[in-house]
Amino acid sequence: MTAVAEAPVEAGAVPSFTVTLRIARFDPESHGDEPYWQEFQVLAHGTDRVLDALHKIKWDQDGSLTFRRSCAHGVCGSDAMRINGRNRLACKTLLKDVNPDKPITVEPIKGLPVLKDLVVDMEPFFASYREVMPFLITEDGKHPSKERLQSAEQRARFDDTTKCILCAACTSSCPVFWTDGQYFGPAAIVNAHRFIFDSRDEGATQRLEILNDKEGVWRCRTTFNCTEACPRGIEVTKAIQEVKRAMISRAF
């Protein structure tokens with residue numbers, strides 16, 4: 001057993017335990033081009049998250065451990081990684097919820113080039129995001145003279161896909177994206193959906209033409225990995241299917 005309970009504590013105190021993290025390391029400057037595994041033991045509390053354990057390792061054991069994080073509250077989306085084989089945000093994953101009795105594996109997300117340890121090159125991901133034009137488009141391109149009004153019903157039409165924090169958890173959980181680096185990926189399609197169904201936007205036709213590419217929505221195999229991976233609970237697969245239906249309905 002890896003997690004070892006410490007001595008009994010007073011009622012109301014937060015229990016502590018020792019947990020082992022098995023981390024995928026990659027440092028071409030010091031260890032060549034081959035990745036390797038390294039285990040660390042940390043004393044954790046019941047309220048600690050995986051991010052807290054990574055901080056303890058970096059601050060107290062090995063300062064060379066490299067990972068991204070910013071807000072630490074599930075808003076910035078910068079600390080997405082594979083924890084026990086599933087894409088999660090390290091700041092939203094409690095150690096006690098990922099079976100601390102066994103070593104907890106931590107790896108970089110898949111499908112993107114690894115730069116060092118848990119840090120991947122996000123440029124291919126953001127290139128796809130930029131390509132779908134994730135901003136409001138109007139025909140005249142001028143600043144409006146008054147507010148663009150929208151009903152609650154119109155806003156609800158795309159409410160779900162406004163929640164995206166661009167963490168890449170959905171895209172890097174997609175088997176098609178792993179094997180085909182040209183696929184737009186779920187996150188880009190989700191962000192296109194957010195504007196395609198916005199009543200104030202006038203660029204839906206352009207976005208649908210972009211996503212009608214052979215590497216667009218038709219590459220989706222509806223495995224639901226993306227929906228399960230999304231830390232914001234977005235129904236990603238449903239959004240992709242709605243974009244497909246919009247293409248068909250507008251074509252005929």
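Predicted model: local features only at pLDDT ≥ 70, side-chain atom pairs only at ≥ 80, totals over all residues.
1. What partner does Asp62 have in a salt bridge? The side chain of Arg25 meets that of Asp62, with 3.2 Å from N to O. Arg25 belongs to strand S2, whereas Asp62 sits in the loop between helix H2 (50–60) and strand S4 (80–83), so the pair ties together parts that are 37 residues apart in sequence. Arg25 counts as buried because its relative accessibility is 2%. The pair is also part of a network of salt bridges that links Arg25, Asp62 and Asp117.

2. The count of salt bridges in the structure comes to 15. Arg207 forms a salt bridge with Asp201, in which the closest N and O atoms are 2.6 Å apart; both Arg207 and Asp201 are buried. Lys163 and Asp160 likewise meet through their side chains in a salt bridge, at 3.3 Å from N to O.

3. Asp27 is found in the loop between strand S2 (16–25) and helix H1 (28–31). Its relative accessibility is 10%, so Asp27 counts as buried. The side chain of Asp27 is joined to that of Ser30 by a polar contact of 2.8 Å. When residues up to four places away in sequence are not counted, Asp27 touches Gly32 and Lys116.

4. Met122 occupies the loop between strand S8 (119–120) and helix H3 (123–131). Met122 counts as buried because its relative accessibility is 15%. Which residues does Met122 contact, once neighbours within four places in sequence are left aside? They are Arg68, Ile109, Leu112, Leu166, Cys167 and Ala168. A separate distance concerns Ala187: the C-alpha atoms of Met122 and Ala187 are separated by 12 Å, although the two residues are 65 places apart along the chain.

5. Most residues other than glycine have a negative phi. Leu166, one of the contacts of Met122, is not a glycine, yet its phi is positive, at about 55 degrees. Leu166 lies in the loop between helix H4 (152–156) and helix H5 (175–179), and its relative accessible area of 19% means that Leu166 is buried. Asn84 also has a positive phi, near 55 degrees, and is a residue other than glycine. The place of Asn84 is the loop between S4 and strand S5 (86–89). Because the relative accessible area of Asn84 is 33%, this residue is partly exposed.

6. How many residues of helix H6 (residues 186–196) are buried, and what follows from this? The count is 11 of the 11, so H6 is largely enclosed by the rest of the structure. Among the buried residues of H6 are Ala187, Asn191, His193 and Arg194.

7. In helix H2, the buried residues are Val50, Leu51, Asp52, Ala53, Leu54, His55 and Ile57. Which strands do the buried residues of H2 pack against? The partners are S2, strand S3 (36–45), S4 and strand S6 (104–107). The spacing of residues in such a list may be read with one rule in mind. An α-helix has 3.6 residues a turn, so residues three or four places apart point the same way.

8. Rolling a probe the size of a water molecule over the atoms shows where empty space is left. The structure holds one cavity of 30 Å³ or more. The volume of the largest cavity is about 90 Å³. Of the 15 residues that line this cavity, Cys164, Cys167, Cys170, Cys230 and Ile234 are the closest to its centre. Cys167 has already been named as a contact of Met122.

Conventions
Residues numbered from 1 in each chain as written. Heavy atoms only, no water. 1 Å grid on protein atoms, 1.4 Å probe; cavity = no way out; pocket = protein on both sides within 12 Å on 5 of 7 lines; lining within 4 Å. Points joined across faces, edges and corners; volume = space filled by probe spheres on them. Helix = DSSP H or I, 4+ residues; strand = E, 2+ residues; numbered from the N terminus. Buried < 20%, exposed > 50% of the residue type's maximum accessible area, 1.4 Å probe, protein only. Polar contact = N/O pair within 3.5 Å; in protein donor to acceptor, adjacent residues only side chain to side chain. Contact = heavy atoms within 4.5 Å. Salt bridge = Lys/Arg side-chain N within 4 Å of Asp/Glu carboxyl O.
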